[in-house]
Number of protein chains: 2
Amino acid sequence: MRIVAVDPFYLRMPEITSAADGTQDTLLVRIRTDAGIDGWGECDASPLVSIAVYCCPMSHGNIINIRTSLIGETVDGPDDVLRLSEKVLRNGLDIQQIQHAYSGAEIALWDIIGKKLQKPIYSLLAEMSATPSTPHPKLPYASVLFGDTPEDTYHIAVALREQGYHAAKFGWGPMGKFGEENDIALVRAAREGMGSDTQIMIDAGVVWGTDYETAYKRAEAFAEFSPTWLEEPLAPDAIDAYSSLTAKNPRVPIAAGEGSNTYRMAEDLITHGGVQFVQIDTGRIGGIMPSFQVRRLAEQHGVQYVNHTFKSHLSLAAALHVFATNPDFDLLEYPAAGSELSQRIVKNPFPVDPDGMVCVNDLPGLGVQVDIDAICPYLVPVNIHVGTETVFQNTFL
Amino acid sequence: MRIVAVDPFYLRMPEITSAADGTQDTLLVRIRTDAGIDGWGECDASPLVSIAVYCCPMSHGNIINIRTSLIGETVDGPDDVLRLSEKVLRNGLDIQQIQHAYSGAEIALWDIIGKKLQKPIYSLLAEMSATPSTPHPKLPYASVLFGDTPEDTYHIAVALREQGYHAAKFGWGPMGKFGEENDIALVRAAREGMGSDTQIMIDAGVVWGTDYETAYKRAEAFAEFSPTWLEEPLAPDAIDAYSSLTAKNPRVPIAAGEGSNTYRMAEDLITHGGVQFVQIDTGRIGGIMPSFQVRRLAEQHGVQYVNHTFKSHLSLAAALHVFATNPDFDLLEYPAAGSELSQRIVKNPFPVDPDGMVCVNDLPGLGVQVDIDAICPYLVPVNIHVGTETVFQNTFL
């Protein structure tokens, strides 16, 4: 099969706020082949900046856009995905945004190969790596923002519990901004609202920067509410600070990794940062294969791999295939409060089973189908003119 | 002073080829204040992708563009630059391209502060860090591409020698692509053309990826021609491979670092990669302050800091201020074969003195003046429309 089109689509809600809600807009990528098989992927990244990576004029041999690298190439099996990824990343060596932008296309290529070979992606990955090929159900944790107050947070937690969630992560918002007492009250409210027989996770949203002493103090203070982890207490790049924090062995385990824009950043966090949970966004790190490589590294280091997913079930599918076959990696970030847009992107989302678990399905490729009619109203027209040339305009969905 | 405008300008030559020549296009950034003081900076990055970072619509609180973060802010002294950099990077936390794009603006802010306080930037840095404040001359090395053949390379080297260069770096092109014999012949030609009383450097242009065994073999084979270093034999992210290579103590020292998009990448290369020269591009890593922080780290680790500069003398000025005051860091990458565009950007380039050295000047700010009349013919009109909004169109120069 030959690649005949590589099209990014910018979708967004009518209003965008500065809340830490990643589902307000998104960038989908569709790749078409001459055999009539299409693949889809989703990026967790600035849509406009990433679109520019698909169409930017060449600057020299290290700044060549993704469309130029992919269109006309053949793609018939997993090896082609690896070969094309190498080409795209080599041609984009001096484009910093290359991984964020390429993630959607890489996922779409796996979707195409899975559909062609009639196999789910987790099964292709298992074959390539000679690892177990049986998928295992995951415990989904609802991923929500803290309420503005402890009381609001309590009500959010109660509602999640009533929806049947046995685990929930609370993050961002007021955490870290109004002093220790308020931070503790927020965590207490989350625990009380969810109940003592659930898992809660706390996401500090990089609020303490490089201040690992405060991060340690909070981890210790939160311990009485038994959160599964304290996530991103520090800036993504602050590896030395993570190292100092984890060396103090706080009673609450430390999680991080969503800021990993490259495999190396995740590797750095695992081998030098000392985190106990590594959270990878398949839509940022360059797609499924670099995520799978982090999963393998986590297995070697006794670190738990978890997905970071704050987009639609298209992203959730890509994320889940990466670690579906490892039963020890049993937690799944499951967006529970996403925008109307993010809930409409796929026709067949991954449901929470009656027993409270989520399992990857056995359909070919990603196993989810993009609902084109549903997303059309959210499509944002983008036109980019450089010199006398139109380097980008929307393709029809 | 208040910031009233932040304008990126995309400049390019009429024809762009895939050669590894970074001077074929560029992105300048001009910041204007209400006090009538303007500052300029240059990015070494995809112009279009970086422009998108100046104007992309907000996605949420971690994807806010650079213009939004800067316009209306006050800027009166070095502390304001640090404060604004923190704001820009925090608002752009989930924009991978943020450092590449922001570099030009950060440099422009330093230029403004220097002009306001009537001090060169190296002097402002010395005051902030309580380090020596006397600038020292550097030995410029011409930075050129290998010829297509050893013979072509020889002629290039002879010409550089005749121009008065006592040092020259040869890179990219055929290196690593046609086997060991050709690689050695290229280095021999560079040495013979330059003569035995000069310094030559070899830039392998990431050609061996993660294959540190081949990189080691080449370093050993090149040793008889006494190059000062072997540069970027491996991919920028291949820290483990760099570590394996440097652990074998090749007779030619290893240099790398131009691919450092963040301070952490440079730190990782120094502390884990074991390189002996770290080469930082002020126009990629986020500007002058993160470069200066790498310089300080290099001082602590006994590693030699060198600039990476393959743009105009606007970039060269920014690069030079960072390490002008350390006499041990005595080499300066000096673009010798840049495009007509890159040679016209500033009115007062840094000349090579009669004694063959280059020294920073004592003018306020960067100490170079952008030649607006000269660059106008190279300006590329860019228009970006998102939805019903024009998010970017060129400002008049």
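1. Two strands count as paired if DSSP finds at least two bridges between them, and strands (E, at least two residues) and helices (H or I, at least four) are DSSP runs numbered from the N terminus. Within this pairing, A:V386 has B:V382 of β12(B) as its bridge partner.

2. A word on the model before going on. It is predicted, so local features need pLDDT of at least 70 and side-chain atom pairs count only at pLDDT 80 or more, while totals for chains, interfaces and linings use all residues. Residues are numbered from 1 along each chain as its sequence is written, with chains lettered from A and ligands numbered from 1 in the order in which they are written.

3. How many residues of chain A are in contact with chain B? There are 44, facing 44 residues of chain B, where contact means C-beta atoms, placed from the backbone, within 7 Å. On the chain A side, α1 (47-55), α4 (98-117), α10 and β12 (382-386) each supply at least two residues, and β12(A) gives the largest share, 5 residues. That side divides into 21 nonpolar, 17 polar and 6 charged residues; Ala, Val, Leu, Ile, Met, Phe, Trp, Tyr, Cys and Pro count as nonpolar, Asp, Glu, Lys and Arg as charged, and the others, Gly among them, as polar. Of the interface residues of chain A, 100% are also interface residues in chain B, so the copies meet through the same surface.

4. Do look at helix α9 (residues 239-247) of chain B, whose buried residues are B:I239, B:A241, B:Y242, B:L245 and B:T246. Seen down the axis of α9(B), these fall within an arc of 155°, so they line one face of the helix. Buried means 20 or more other C-beta atoms within 10 Å of the residue's own, with C-beta atoms placed from the backbone; the arc is that of the directions from the helix axis to the C-beta atoms. The buried residues of α9(B) pack against α10 (263-273) of chain A, together with α8 (212-222), β8 (254-256) and α10 (263-273) of chain B.

Key
Contact = placed C-beta atoms within 7 Å. Buried ≥ 20, exposed ≤ 12 C-beta atoms within 10 Å, placed from the backbone.
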